[in-house]
Amino acid sequence: PLILAGLGVAIAYRCSLWNIGGEGQICMGGLTASLVGIYVTGLPAYIHLPLALLAGFLGGAIWGGIAGYLKAKHDINLIITTIMMNYIAIYLVNIMVKGPIQEPPGFFPQSPQLLLSAQLPVIWQETRLHAGLYLALASAVILHLVLWRMPIGYEIRAIGENIFAARHAGMKVVRNQILVMFISGGLAGLAGAVEIMGAQYRLRPHFLQNYGYDSIAVALLG
(Lines give C-alpha, C1' and ligand atoms only; values in the text may rest on other atoms or scores of the structure.)
Protein backbone atom coordinates (compact mmCIF):
# COMPACT_ATOMS: atom_id res chain seq x y z
CA PRO A 1 0.00 0.00 0.00
CA LEU A 2 2.82 2.44 0.73
CA ILE A 3 4.35 1.83 -2.70
CA LEU A 4 1.07 2.51 -4.50
CA ALA A 5 0.02 5.49 -2.40
CA GLY A 6 3.57 6.88 -2.58
CA LEU A 7 3.50 6.66 -6.36
CA GLY A 8 0.25 8.61 -6.30
CA VAL A 9 1.85 11.40 -4.29
CA ALA A 10 4.93 11.32 -6.53
CA ILE A 11 3.14 11.86 -9.85
CA ALA A 12 1.13 14.72 -8.37
CA TYR A 13 4.31 16.29 -6.98
CA ARG A 14 5.94 16.10 -10.44
CA CYS A 15 3.11 18.33 -11.64
CA SER A 16 3.63 20.68 -8.68
CA LEU A 17 0.42 19.45 -7.02
CA TRP A 18 0.34 18.52 -3.34
CA ASN A 19 -2.06 15.60 -2.96
CA ILE A 20 -2.68 15.36 0.78
CA GLY A 21 -5.81 13.31 0.11
CA GLY A 22 -4.28 9.85 0.03
CA GLU A 23 -6.08 8.91 3.23
CA GLY A 24 -9.50 9.53 1.73
CA GLN A 25 -8.58 8.07 -1.65
CA ILE A 26 -7.39 4.88 0.06
CA CYS A 27 -10.73 4.70 1.88
CA MET A 28 -12.72 5.14 -1.32
CA GLY A 29 -10.63 2.55 -3.14
CA GLY A 30 -11.15 0.06 -0.34
CA LEU A 31 -14.88 0.79 -0.29
CA THR A 32 -15.49 0.43 -4.02
CA ALA A 33 -13.30 -2.68 -4.30
CA SER A 34 -15.18 -4.22 -1.36
CA LEU A 35 -18.56 -3.53 -2.92
CA VAL A 36 -17.52 -5.29 -6.13
CA GLY A 37 -15.75 -8.09 -4.24
CA ILE A 38 -18.78 -8.82 -2.06
CA TYR A 39 -21.85 -8.10 -4.15
CA VAL A 40 -20.80 -8.92 -7.72
CA THR A 41 -21.25 -12.68 -7.79
CA GLY A 42 -20.98 -15.54 -10.24
CA LEU A 43 -17.75 -14.41 -11.91
CA PRO A 44 -14.55 -16.43 -12.29
CA ALA A 45 -11.49 -15.11 -10.49
CA TYR A 46 -9.75 -13.98 -13.69
CA ILE A 47 -12.64 -11.55 -14.28
CA HIS A 48 -13.65 -10.77 -10.71
CA LEU A 49 -10.15 -9.85 -9.50
CA PRO A 50 -9.39 -7.28 -12.23
CA LEU A 51 -12.92 -5.89 -11.91
CA ALA A 52 -12.53 -5.31 -8.17
CA LEU A 53 -9.08 -3.77 -8.69
CA LEU A 54 -10.50 -1.48 -11.38
CA ALA A 55 -13.29 -0.46 -9.02
CA GLY A 56 -10.71 0.37 -6.36
CA PHE A 57 -8.71 2.44 -8.83
CA LEU A 58 -11.79 4.34 -10.01
CA GLY A 59 -13.00 4.96 -6.46
CA GLY A 60 -9.76 6.70 -5.55
CA ALA A 61 -9.40 8.31 -8.98
CA ILE A 62 -12.80 9.99 -8.86
CA TRP A 63 -12.08 11.23 -5.33
CA GLY A 64 -8.75 12.68 -6.46
CA GLY A 65 -10.19 13.95 -9.71
CA ILE A 66 -12.80 16.04 -7.90
CA ALA A 67 -10.09 17.89 -5.99
CA GLY A 68 -8.04 18.18 -9.17
CA TYR A 69 -10.96 19.71 -11.04
CA LEU A 70 -11.53 22.28 -8.31
CA LYS A 71 -7.85 23.20 -8.38
CA ALA A 72 -7.45 23.31 -12.17
CA LYS A 73 -10.72 25.06 -13.05
CA HIS A 74 -11.27 27.31 -10.04
CA ASP A 75 -7.81 27.52 -8.43
CA ILE A 76 -9.18 26.25 -5.10
CA ASN A 77 -6.37 25.34 -2.69
CA LEU A 78 -5.61 21.65 -3.27
CA ILE A 79 -4.24 21.01 0.21
CA ILE A 80 -7.42 22.26 1.86
CA THR A 81 -9.81 20.38 -0.42
CA THR A 82 -7.94 17.07 -0.20
CA ILE A 83 -7.72 17.23 3.59
CA MET A 84 -11.42 18.04 3.86
CA MET A 85 -12.29 15.21 1.49
CA ASN A 86 -10.27 12.81 3.64
CA TYR A 87 -12.75 13.21 6.46
CA ILE A 88 -15.74 12.80 4.15
CA ALA A 89 -14.33 9.49 2.88
CA ILE A 90 -13.37 8.22 6.34
CA TYR A 91 -16.84 8.88 7.73
CA LEU A 92 -18.49 7.47 4.62
CA VAL A 93 -16.68 4.17 5.20
CA ASN A 94 -17.76 4.27 8.86
CA ILE A 95 -21.38 4.82 7.85
CA MET A 96 -21.29 1.98 5.31
CA VAL A 97 -19.78 -0.64 7.64
CA LYS A 98 -22.16 0.29 10.45
CA GLY A 99 -25.21 0.32 8.21
CA PRO A 100 -25.83 -0.67 4.58
CA ILE A 101 -23.03 -3.25 4.21
CA GLN A 102 -22.59 -4.34 7.83
CA GLU A 103 -22.02 -8.06 8.24
CA PRO A 104 -25.03 -9.86 9.73
CA PRO A 105 -26.07 -10.10 12.52
CA GLY A 106 -24.58 -6.66 13.07
CA PHE A 107 -22.38 -7.12 16.13
CA PHE A 108 -19.23 -5.66 14.56
CA PRO A 109 -18.64 -2.59 12.36
CA GLN A 110 -17.35 -4.50 9.35
CA SER A 111 -18.50 -5.77 5.98
CA PRO A 112 -18.96 -9.43 5.03
CA GLN A 113 -15.86 -11.20 3.76
CA LEU A 114 -14.95 -10.80 0.11
CA LEU A 115 -15.78 -13.70 -2.19
CA LEU A 116 -12.84 -16.02 -2.82
CA SER A 117 -12.84 -15.01 -6.48
CA ALA A 118 -11.99 -11.44 -5.42
CA GLN A 119 -9.16 -12.29 -3.02
CA LEU A 120 -5.54 -11.79 -4.11
CA PRO A 121 -3.42 -14.93 -3.70
CA VAL A 122 -0.68 -15.11 -1.08
CA ILE A 123 2.74 -15.39 -2.76
CA TRP A 124 4.76 -16.32 0.32
CA GLN A 125 3.18 -18.97 2.50
CA GLU A 126 2.93 -18.36 6.25
CA THR A 127 3.07 -14.59 5.64
CA ARG A 128 0.57 -11.96 4.53
CA LEU A 129 2.61 -11.05 1.44
CA HIS A 130 0.20 -11.19 -1.48
CA ALA A 131 0.11 -10.59 -5.22
CA GLY A 132 -0.60 -6.91 -4.69
CA LEU A 133 3.19 -6.55 -4.48
CA TYR A 134 3.45 -7.41 -8.18
CA LEU A 135 0.84 -4.78 -8.99
CA ALA A 136 2.73 -2.16 -6.98
CA LEU A 137 6.06 -2.92 -8.66
CA ALA A 138 4.45 -2.95 -12.10
CA SER A 139 2.81 0.40 -11.33
CA ALA A 140 6.21 1.88 -10.45
CA VAL A 141 7.66 0.75 -13.79
CA ILE A 142 4.66 2.03 -15.75
CA LEU A 143 4.74 5.37 -13.96
CA HIS A 144 8.45 5.74 -14.73
CA LEU A 145 7.81 5.06 -18.41
CA VAL A 146 4.91 7.51 -18.52
CA LEU A 147 6.84 10.31 -16.81
CA TRP A 148 10.18 9.92 -18.58
CA ARG A 149 9.43 8.23 -21.92
CA MET A 150 6.07 9.61 -23.08
CA PRO A 151 4.96 13.06 -24.28
CA ILE A 152 2.27 13.28 -21.59
CA GLY A 153 4.97 12.73 -18.96
CA TYR A 154 7.04 15.54 -20.43
CA GLU A 155 4.04 17.86 -20.22
CA ILE A 156 3.37 16.86 -16.61
CA ARG A 157 6.97 17.58 -15.63
CA ALA A 158 7.05 20.81 -17.62
CA ILE A 159 3.94 22.09 -15.85
CA GLY A 160 5.51 21.19 -12.54
CA GLU A 161 8.70 23.07 -13.36
CA ASN A 162 7.08 26.23 -14.73
CA ILE A 163 3.34 26.41 -15.26
CA PHE A 164 3.53 29.78 -17.04
CA ALA A 165 6.10 28.55 -19.58
CA ALA A 166 4.10 25.37 -20.12
CA ARG A 167 0.93 27.35 -20.77
CA HIS A 168 2.82 29.69 -23.13
CA ALA A 169 4.12 26.62 -25.02
CA GLY A 170 0.55 25.50 -25.67
CA MET A 171 0.33 22.68 -23.15
CA LYS A 172 -3.14 21.92 -21.80
CA VAL A 173 -2.50 22.77 -18.16
CA VAL A 174 -6.05 22.31 -16.88
CA ARG A 175 -6.49 18.93 -18.57
CA ASN A 176 -3.15 17.66 -17.33
CA GLN A 177 -3.72 18.79 -13.75
CA ILE A 178 -7.07 17.01 -13.61
CA LEU A 179 -5.58 13.91 -15.25
CA VAL A 180 -2.66 13.84 -12.81
CA MET A 181 -4.95 14.05 -9.79
CA PHE A 182 -7.17 11.36 -11.33
CA ILE A 183 -4.17 9.04 -11.67
CA SER A 184 -2.78 10.05 -8.27
CA GLY A 185 -6.08 9.27 -6.56
CA GLY A 186 -6.40 6.04 -8.52
CA LEU A 187 -3.04 4.76 -7.30
CA ALA A 188 -4.03 5.54 -3.70
CA GLY A 189 -7.36 3.81 -4.36
CA LEU A 190 -5.45 0.75 -5.55
CA ALA A 191 -3.52 0.84 -2.28
CA GLY A 192 -6.78 0.52 -0.38
CA ALA A 193 -8.09 -2.12 -2.76
CA VAL A 194 -5.06 -4.43 -2.50
CA GLU A 195 -5.06 -4.16 1.30
CA ILE A 196 -8.67 -5.31 1.45
CA MET A 197 -8.33 -7.91 -1.31
CA GLY A 198 -4.99 -9.33 -0.22
CA ALA A 199 -4.70 -8.96 3.54
CA GLN A 200 -7.87 -8.08 5.43
CA TYR A 201 -10.58 -9.51 3.13
CA ARG A 202 -13.27 -7.29 4.62
CA LEU A 203 -13.86 -3.56 5.03
CA ARG A 204 -13.49 -2.05 8.49
CA PRO A 205 -13.22 1.55 9.75
CA HIS A 206 -9.68 2.96 9.60
CA PHE A 207 -8.41 -0.16 7.84
CA LEU A 208 -5.23 1.67 6.72
CA GLN A 209 -5.11 4.58 9.12
CA ASN A 210 -2.46 7.25 8.40
CA TYR A 211 -1.05 5.40 5.36
CA GLY A 212 -2.17 8.28 3.16
CA TYR A 213 -0.03 10.67 5.16
CA ASP A 214 2.88 8.24 5.47
CA SER A 215 2.91 7.91 1.69
CA ILE A 216 3.93 11.57 1.42
CA ALA A 217 7.16 10.75 3.26
CA VAL A 218 7.61 7.65 1.09
CA ALA A 219 7.29 9.74 -2.10
CA LEU A 220 9.67 12.44 -0.90
CA LEU A 221 12.30 9.91 0.19
CA GLY A 222 11.90 8.06 -3.11
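Reader: What pattern does the chain follow along the sequence?
Author: Read along the sequence, it goes α-α-α-α-α-α-α-α-α. That is nine helices and zero strands. Bear in mind that this is a predicted model.

Reader: What is the radius of gyration, and what would a compact globule have?
Author: The chain has 17 Å, and a compact globule of 222 residues would have a value near 17 Å, so the two agree. The C-alpha trace spans about 60 × 35 × 30 Å along its principal axes.

Reader: How much of the chain is buried?
Author: Buried residues make up 49% of the 222. The chain exposes about 10,900 Å², with carbon and sulfur atoms supplying 67% of that.

Reader: Switching to Met-181. Where is it, and is it buried or exposed?
Author: Met-181 sits in helix α8, residues 173–200. Met-181 counts as buried because its relative accessible area is 1%, and the cut-off is under 20%.

Reader: What does Met-181 touch, leaving out residues up to four places away in sequence?
Author: Its contacts include Ala-12, Leu-17, Gly-64, Gly-65, Gly-68 and Leu-78. Tyr-13 is 168 residues away along the chain, yet the C-alpha atoms of Met-181 and Tyr-13 are separated by 9.9 Å.

Reader: And Arg-202, where is that found?
Author: Arg-202 is in the loop between α8 and α9. Arg-202 is also buried, at 12% relative accessibility.

Reader: Which side chain does the Arg-202 side chain make a polar contact with?
Author: That of Glu-103, at 3.1 Å. Arg-202 also touches others, among them Gln-110, Ser-111, Pro-112 and Ile-196.

Notes. Residues are numbered from 1 along each chain as its sequence is written. This is a predicted model: local features need pLDDT of at least 70, side-chain atom pairs count only at pLDDT 80 or more; totals for chains, interfaces and linings use all residues. Side-chain values use heavy atoms; hydrogens and water are left out. Helices (H or I, at least four residues) and strands (E, at least two) are DSSP runs, numbered from the N terminus. Buried means under 20% relative accessible area, exposed over 50%, partly exposed in between (1.4 Å probe, protein chains only). Contact means heavy atoms within 4.5 Å. A polar contact is a pair of N or O atoms within 3.5 Å; within protein, one must be able to donate a hydrogen and the other to accept it, and residues adjacent in sequence count only if both atoms are side-chain atoms. The radius of gyration is taken over C-alpha atoms; the globule rule is 2.2 Å times the number of residues to the power 0.38. Accessible areas come from the Shrake-Rupley method with a 1.4 Å probe; for residues, only the protein chains shown count as cover.
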